[in-house]
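Work through the exercises below with the sequence and the model open. Try each task before reading its solution.

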Amino acid sequence: MSANLVSKSKVFQFKYENNICIIDMNDESKGVNSFTIEMLADIDENMPKILANDKLEGIIIKSSKHNCFAAGADISIFKTFTDKAAGERGSKELHRITNYFANAKVPTVAAIHGTCLGGGLELALACHYRICTTHASTQLGLPEVQLGILPGGGGTQRLPRLVGIAQALDLILTGKKVDGKKALKMGLIDELVPENQLYEKALALCKKKKGSIRRLPSSLGIVSSMQGNFDMQKIALEGNPFGRAVISKQSRSMVMKSTKGRYPAPLKALEAVMRGVEIPLERGLDVEAKLFSELVISEESRSLVHIFNIMTAAKKNPYPKSVQEKAKSLYMDPLNQGDASVGVLGAGLMGSGISTVLAEKNIRTAMIDKDANGLQRGLKSVSNYFEERFKRRRIKWFERDSQIYRVSPSMNFSTLKTSPIVIEAVFEDVKIKHDVLKKCENAIQNDNFIFATNTSSLPIHQIAAAAKKPQNVVGMHFFSPVPKMPLVEIITTDKTSQEAASAVFDLASKMGKQIIVVNDGPGFYTTRILAFQIAEALNILAEGGKIEDIDNAMEKFGMPVGPITLLDEVGIDVGEHIIQVLFDAFSDRLKVPNEIENIAKEDRKGRKNNKGFYCYIDNKKDKPDSSIYKHFSMDRINFDHKEIADRCVYVFLNEAARCLDEKIIKSEDEGDLGAIFGLGFPPFLGGPFHYAKVLGKKNVKEKLKELAQKHGKRFEPAAYWDF
């Protein structure tokens, strides 16, 4: 250890071995290495000293942090970028620091094990060589666009020069990650080694490359000289202005299709790459810094950073450690040790989806259904999911088979005799739920099991009323399709034990879900606010609005699908039932047109029977079914799209605020998470509460008062808007 190398941030260790400087990262204060201002200052102070050593023969930067090289910049840094000038300075500081590694006169090697993302990968890209492990935890990527920014530490300039424009854009514009095998194939890394050989191989690479450093080309014209990263087809396409123009046009088209132009970051990143490859690297870095500065202060970025922060906070189990430990020993340990299985009641769309996700996370599942044909369909759904993943080469054949075999189908409740947790996913009827609850109580040997009911609207206390131990009944609201939808809404009553809630929180975490914990009430949080929005869309329809105008207006606002399309997707029969449950609870202000009942009586169930508000051809949505208008007395008129969006959005915001007033949700952050991950509220707006603050709570209240005068009590401002 050199006496003059001191880590003030206490993250780095510096040592010399055979004249090679080893820089080891390990931030013991965090679970991952993430770059803070103090860490960057630490590198800035020590690198000149290292490079001034006359005997220096190479530099290796590595990490002794478990399964993490570096996860990028600490998000708190973004708060320091208060204007464009600050953002540009921040990016240029990153360039200056990474340039220590890029411009060194001795070989610099990034020895990568575990996650290497964002600024972590940009640091590795600045090194002359990269070597990483074959371990499954080793993932490389530039996910900055997911935070509404672009890579600001040289990523938009160095990556295209290393792997080519098309491959670089594929990573930068999507934010996706690649494993070591893929990274080697695309030329992102130089060697792939077992974890126990990483350090020795990095030392050997440093020695081998002494005196023959490979540097990135300054311009695209000499990109073909790089070792093995470019085939002739790439050179032909990317090595001339016409080919680059084609790539740019295709990439822009892809971005616009996926973002509808609502997210500026991918377009700015595309601009940074395409402008950068035409000019020397140093000038390209200036372009990157300027475009980074424009994005980092944008509302879209602030919204996406807000989401990232609240997502991270929500991963922590909210219950006391003593409660967590007790819940773990009672419920999770038997599952983790393979001594028991989770019971899933119902083999329909929800039950089979829940069983699929459990099996994918290596949790044994007993899937129960009263109907043999239904059970067979459920098992086929599970098998199809894993077969599809196998065909796409996401899993091996033995993984496919072992995951399928983790689901044990049965028509007998005795299969559940050792299950510590049962997830009920039967029809939305209290009597049916009471019946299966009793059967579980009779079949399960341990009367302390948890009964987690997957209901979207029925109050949990009504279901728990029939239980021997109501403290062990909890709501666990999944969203369809379960393998794709990220949210689980955990619902507790005033009798639910903390141990039961903690156990299902841990189970949902193990399933990889984003979680909110809410209090009991009709429709809880997500279903309640969505029902008010869909009811408002139906009110507009009853007033003469057109199906396509309503959906188009909400899609233009930023929703993934319009409310009428959504009603077809979930099923008109299901939607009518949910709205009726909520109408019984909120009849003083929830207005629902009578026509919806007549529509449902026509056996219109939406997509599932190809008969809904839309026509369906080969199970694909076509044009609106105009015959549905016969149920409405009003002729069709041209509603203003802004009026449609205002009514549907503001009733949604107001009901979300009422849920906070009534303590259904405990915080604004939970409200934002639930709306985004459960209902598809536009992420670029940051969630209903974040969006309301951007609009200004006072302005929202005034708009609600205006709408209440025109349309009634549902728009009367909640108390939240006064504070």
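The exercises that follow concern helix packing and aromatic rings in a predicted model.

**Exercise 1.** Decide how helix H4 (residues 155-163) and helix H5 (residues 165-174) are oriented to each other, and list the residues in contact.

Solution. 
1. Two packed helices are described by the angle between their axes and the distance between the axes.
2. For H4 and H5 the angle is about 140°, and the axes are 7 Å apart.
3. Angles over 145 degrees would count as roughly antiparallel, and 65 to 115 as roughly perpendicular.
4. The crossing of H4 past H5 is right-handed.
5. On the H4 side the contact is made by Gly155, Thr156, Leu159, Pro160 and Val163; on the H5 side, by Ile165, Gln167, Ala168, Leu171 and Ile172.
6. Sorted by class, this contact of H4 with H5 has 7 nonpolar residues, 3 polar ones and no charged ones.

**Exercise 2.** Describe in the same terms how helix H3 (residues 119-126) packs with H4.

Solution. 
1. The axes of H3 and H4 come within 10 Å, crossing at roughly 55°.
2. H3 and H4 are therefore oblique to each other.
3. Their crossing is left-handed.
4. Glu122, Leu125 and Ala126 in H3 touch Gly155, Arg158, Leu159 and Leu162 in H4.
5. By class, the contact of H3 with H4 has 4 nonpolar, 1 polar and 2 charged residues.

**Exercise 3.** Classify the aromatic pair of Trp397 and Phe398, and say how exposed each residue is.

Solution. 
1. A pair of aromatic rings is described by the distance of the centres and the angle of the planes.
2. The structure holds 13 aromatic pairs.
3. In the pair of Trp397 and Phe398, the ring centres are 5.8 Å apart and the planes are at 85°.
4. Planes over 60 degrees apart count as edge-to-face, and the pair of Trp397 and Phe398 is edge-to-face.
5. Trp397 has 53% relative accessibility and so counts as exposed.
6. Phe398, at 47% relative accessibility, counts as partly exposed.

**Exercise 4.** Find the buried residues of helix H21 (residues 547-557) and what they pack against.

Solution. 
1. Ile547, Asp549, Ile550, Asp551, Ala553, Met554 and Phe557 are the buried residues of H21.
2. Their packing partners are helices H20 (526-542), H22 (563-570), H25 (641-661) and H27 (688-695), together with strands S19 (614-617) and S20 (620-624).
3. Phe557 also belongs to an aromatic cluster with Phe652, Phe681 and Tyr691.
4. Just after H21, Gly558 has a positive phi of about 135°.

Key
Residues numbered from 1 in each chain as written. Predicted model: local features only at pLDDT ≥ 70, side-chain atom pairs only at ≥ 80, totals over all residues. Heavy atoms only, no water. Axes fitted to C-alpha atoms, helices over the stretch in contact; angles between N-to-C directions. Helix = DSSP H or I, 4+ residues; strand = E, 2+ residues; numbered from the N terminus. Left-handed = near helix turned anticlockwise from the far one by under 90°. Contact = heavy atoms within 4.5 Å. Nonpolar A, V, L, I, M, F, W, Y, C, P; charged D, E, K, R; others polar. Phe/Tyr/Trp six-rings, centres within 6.5 Å; stacked < 30°, edge-to-face > 60°. Buried < 20%, exposed > 50% of the residue type's maximum accessible area, 1.4 Å probe, protein only. Parallel < 35°, antiparallel > 145°, perpendicular 65-115°, else oblique.
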